[in-house]
Amino acid sequence: MRLSDLQSKKIIDIGSGTNIGSIVDINISDSGQVDYFVIDHGKTIFSLGREEDTKISWSQIHKIGEDVILVKRDSM
């Protein structure tokens, strides 16, 4: 699967059912394993108070579907 394929999918938190954002980058370890996805919250260049990008670790990925990626984030 290509990064561009992943970037077209919505990232959904299965705990809350909310759309988290979209993948903008992937961090890959020296051994070639995916460490985490970097998620952009969809802010525009006109947004004030831009939030920091979210990191979703590979262990938080529940399912990669045709249109969405389901993640289970840690409870805060």
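Modeller: Happy to. Buried means under 20% relative accessible area, exposed over 50%, and partly exposed in between, using a 1.4 Å probe and protein chains only. This is a predicted model, so local features need pLDDT of at least 70 and side-chain atom pairs count only at pLDDT 80 or more, while totals for chains, interfaces and linings use all residues. Residues are numbered from 1 along each chain as its sequence is written, and side-chain values use heavy atoms, with hydrogens and water left out.

Colleague: Good. How many helices and strands does the protein have?

Modeller: There is 1 helix and there are 6 strands, in the order α-β-β-β-β-β-β along the sequence. Helices (H or I, at least four residues) and strands (E, at least two) are DSSP runs, numbered from the N terminus.

Colleague: And what percentage of the residues count as buried?

Modeller: Of the 76 residues, 24% count as buried. The protein exposes about 5600 Å², with carbon and sulfur atoms supplying 48% of that; the areas come from the Shrake-Rupley method with a 1.4 Å probe, and for residues only the protein chains shown count as cover.

Colleague: Let's go inside. Which residues make up the largest nonpolar core?

Modeller: That core has 10 residues in all: Leu 6, Ile 11, Ile 20, Ile 23, Phe 37, Ile 39, Ile 56, Ile 61, Ile 69 and Val 71. The elements giving two or more residues to this core are β2, β3 and β6 (68-71). By nonpolar core I mean a set of buried Ala, Val, Leu, Ile, Met, Phe, Trp, Tyr and Cys residues joined through side-chain atoms within 4.5 Å. In soluble globular proteins, nonpolar side chains tend to be buried together.

Colleague: Pick one of them. Where does Ile 11 lie, and is Ile 11 buried or exposed?

Modeller: Ile 11 lies in strand β1 (residues 10-13) and is buried, with a relative accessible area of 1%. Contact here means heavy atoms within 4.5 Å.

Colleague: What about Ile 56, which strand is that in?

Modeller: Ile 56 sits in strand β4 and also counts as buried, at 1% relative accessibility. Beyond four places in sequence, Ile 56 touches Tyr 36, Phe 37, Ile 39, Ile 61, Val 71 and Arg 73.

Colleague: Phe 37 again! How many aromatic pairs are there?

Modeller: The count is 1 aromatic pair. The rings of Phe 37 and Trp 58 have centres 6.1 Å apart and planes at 70 degrees, so the pair is edge-to-face. Phe 37 lies in strand β3 and Trp 58 in the loop between β4 and β5, so the pair ties together parts 21 residues apart in sequence. The rule: rings of Phe, Tyr and Trp (its six-membered ring) pair if their centres lie within 6.5 Å, with planes under 30 degrees apart counting as stacked, over 60 as edge-to-face and the rest as tilted.

Colleague: How accessible are Phe 37 and Trp 58?

Modeller: Phe 37 is buried at 2%, whereas Trp 58 is partly exposed at 43%.

Colleague: Switching to charges: how many salt bridges are there?

Modeller: The count is 1 salt bridge, defined as a side-chain nitrogen of Lys or Arg within 4 Å of a carboxyl oxygen of Asp or Glu. Asp 13 forms it with Arg 73, and the closest N and O atoms are 3.0 Å apart. Asp 13 lies in strand β1 and Arg 73 in the segment after β6, so the pair ties together parts 60 residues apart in sequence.

Colleague: Are those two partners buried or exposed?

Modeller: Asp 13 counts as buried at 8%, while Arg 73 is partly exposed, with a relative accessible area of 33%.

Colleague: Last one: which residues does Gln 60 touch?

Modeller: Not counting residues up to four places away in sequence, Gln 60 touches Lys 55, Leu 70, Val 71, Lys 72, Arg 73 and Asp 74. Gln 60 is in the loop between β4 (54-57) and β5 (61-64), and is buried at 12%.
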